[in-house]
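Reader: I would like to go through this model feature by feature. Please give the general idea each time, then the case at hand.

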Amino acid sequence: MTIGNVTEFAWQPTDTGRLLAMVIGADGQAGNGVQIYDAATSTLRVLETAPTEYAGLSWRDDSQDLLVMKSKTDDKHDGPTQVIDVWTGVGTAAPTLVTLDSTVAGMLPPTQRIVNSRRAAWMNGPAGAGQMISVGVADWPAKPAAPEGGRGGNANGRGAAPAAAANDKADVDVWHWNDPIVMARQKLSVAADRRRSLPAVWHVSSNKLVVLGKSFDENVSPIRGTTLALVSEFTPYLMDRSIGRERRTSIWPT
Amino acid sequence: MTTGQRTLLKKDVGSNASASTGGKYAIFADNGHYWTINLATKAVTNITAAVKTSFVDVESDSTSPERPMFGVAGWTKNDEAVVLYDKYDAWRVSADGSTAARVTSCGLEKDPVRCRILNLAPQPGEPLDISSPFVTMFGPTSKKSGYGRSPGRRIDHAREDSLDG
């Protein structure tokens, strides 16, 4: 058997696991989706198909439960948000699908989205607490307005200033002395900063999304087997940290 | 993680906190000592105040006034104790600081060797088994390294056997 256009795959992580989940990603998005190959019966079936990007396959340990992230765009925002699909009982005749779509349910403000830079992951909560899945939340900027003719440049170069004039412009970097991150480091970390997200937890059974992070200047660590997380927050100590001095943190459960 | 609400446990501490394997305690370092926080009672305890060794790497060239610690190896079953490193050895220190004992005795030898426990737990997040742990060994003077096993106070086998010939 040959299966084409597989962009990602994951075997069911159990001792008797026989299911192989695959993301299909084709040019033009036609036929994109999630497919399941059952190695015991040598059968292939389509779990879901839609003209969008799928990624982040993850099986829950010792189960037939699977999650995947898929992109969703609209005409108001720049870039996609992520919808989380969770199937339980994938190996059965009728798997159950539960979906986290933060845009439909209004779980997040319209200026925020679920990002794909932090993979959705199953969490190890206490027995009886229901399934929890960690995701990342970040700002969702509005789509930039189309440039008007006569001012500024665009990707096609129309309206752009002549190259000679651009070379005459001086570079001016303004760094406030109270800024705890020096300019050179800010420049280096631009790309990483754009991928930053706040950790959040989706409670599947109650379909509730709780954003745990409040700033990027903290570490949030879920505690295994509990519904608590430890937060080490260092906003008050950023200047000390910037010069390699003492790193002081505050600790909070959440 | 059900509400997102936060409760202050401890302000102005010297390191990030990490949770114990069983989720009963958090541990952090401050002023050259390890402290635990009982997450049920919020009690904060200096667990290394009475231990007759130093867990601080005073030879570090870090520019921070707070010297780095040698580190935490892990927690034992049911969060009974945390295993901490000094310069040469691993120590089992109870979560409330009431007891402390060496797991290895590499620092007591004539030519001290730095021993660090190999965590062979099949899954991350499992408790540390220190009943007879395998250790990595490094001689700060000889620069030789190897593996050993620490039953009680004695290192068996492979002491300072070089891995690189």
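Reader: Which residue stands opposite A:Ser221?

Author: A:Ser221 faces A:Leu230, a residue of strand 15 of chain A. Strands here are DSSP runs of E with at least two residues, and helices are runs of H or I with at least four, numbered from the N terminus. Two strands pair if DSSP finds at least two bridges between them. Strand 14 (residues 218–222) and strand 15 (residues 229–233) of chain A run antiparallel and are joined by five bridges. Six residues lie between the strands of this hairpin, where A:Gly225 has a positive phi near 75°.

Reader: Before we continue, what are the ground rules?

Author: This is a predicted model, in which local features need pLDDT of at least 70 and side-chain atom pairs count only at pLDDT 80 or more, while totals for chains, interfaces and linings use all residues. Residues are numbered from 1 along each chain as its sequence is written, chains are lettered from A and ligands numbered from 1 in the order in which they are written, and side-chain values use heavy atoms, with hydrogens and water left out.

Reader: What confidence does the predictor give to the complex and to chain B?

Author: The complex receives an ipTM of 0.80 and a pTM of 0.83. pLDDT is the predictor's confidence in each residue, from 0 to 100. Chain B has an average pLDDT of 87, and 91% of its residues score at least 70. Among the elements of chain B, the lowest mean pLDDT, 86, belongs to strand 1 (residues 10–13), and the highest, 97, to strand 7 (residues 81–85). Over residues 157–165 of chain B, pLDDT stays under 50. For that stretch the model has 22 contacts beyond four places in sequence, a contact being heavy atoms within 4.5 Å.

Reader: Which non-glycine residues have a positive phi?

Author: Most residues other than glycine have a negative phi, and most peptide bonds are trans. Among the cases here is A:Asn5, with a positive phi of about 60°, in the segment before strand 1 (6–11) of chain A. A:Ser42 is another, at about 55°, and belongs to the loop between strand 3 (33–38) and strand 4 (43–49) of chain A.

Reader: Why does A:Asn5 count as partly exposed?

Author: Buried means under 20% relative accessible area, exposed means over 50%, and partly exposed is in between (1.4 Å probe, protein chains only). A:Asn5 is partly exposed because its relative accessible area is 48%. A:Ser42 is also partly exposed, with 43%.

Reader: Is A:Val68 buried or exposed?

Author: A:Val68 is buried, because its relative accessibility is 0%. A:Val68 belongs to strand 6 (residues 66–72) of chain A. Not counting residues up to four places away in sequence, A:Val68 touches several residues, including A:Val23, A:Tyr54, A:Ile84 and A:Trp87.

Reader: How many aromatic pairs are there?

Author: Rings of Phe, Tyr and Trp (its six-membered ring) pair if their centres lie within 6.5 Å; planes under 30 degrees apart count as stacked, over 60 as edge-to-face and the rest as tilted. By this rule there are four aromatic pairs over all chains. One of them is stacked because the rings of B:Phe28 and B:Trp35 have their planes at 5°, with centres 6.4 Å apart. B:Phe28 is buried at 1% relative accessible area, whereas B:Trp35 is partly exposed at 23%.

The rings of B:Phe55 and B:Trp91 have centres 6.5 Å apart and planes at 80°, so this pair is edge-to-face. The pair links distant parts of the chain, 36 residues apart: B:Phe55 is in the loop between strand 5 (44–46) and strand 6 (72–75) of chain B, and B:Trp91 is in strand 8 (residues 90–94) of chain B. Both B:Phe55 and B:Trp91 are buried. Ring pairs also bring B:Tyr34 into a cluster with B:Phe55 and B:Trp91.

Reader: Which charged ends sit over rings?

Author: A charge sits over a ring if NZ of Lys or CZ of Arg is within 6 Å of the ring centre and within 35 degrees of the ring normal. The charged end of A:Arg60 is over the ring of A:Trp122, 5.9 Å from its centre. In chain B, the charged end of B:Arg116 is over the ring of B:Tyr85, 4.3 Å from its centre.

Reader: Which cysteines form the disulfide?

Author: A disulfide is a covalent bond between the sulfur atoms of two cysteines. The cut-off used here is a pair of cysteine sulfur atoms within 2.5 Å. The structure holds one disulfide over all chains, joining B:Cys106 to B:Cys115 with S to S 2.0 Å. The link of B:Cys106 and B:Cys115 is left-handed, with -95° about the S-S bond. B:Cys106 is buried, with a relative accessible area of 1%, and B:Cys115 is buried at 1% relative accessibility.
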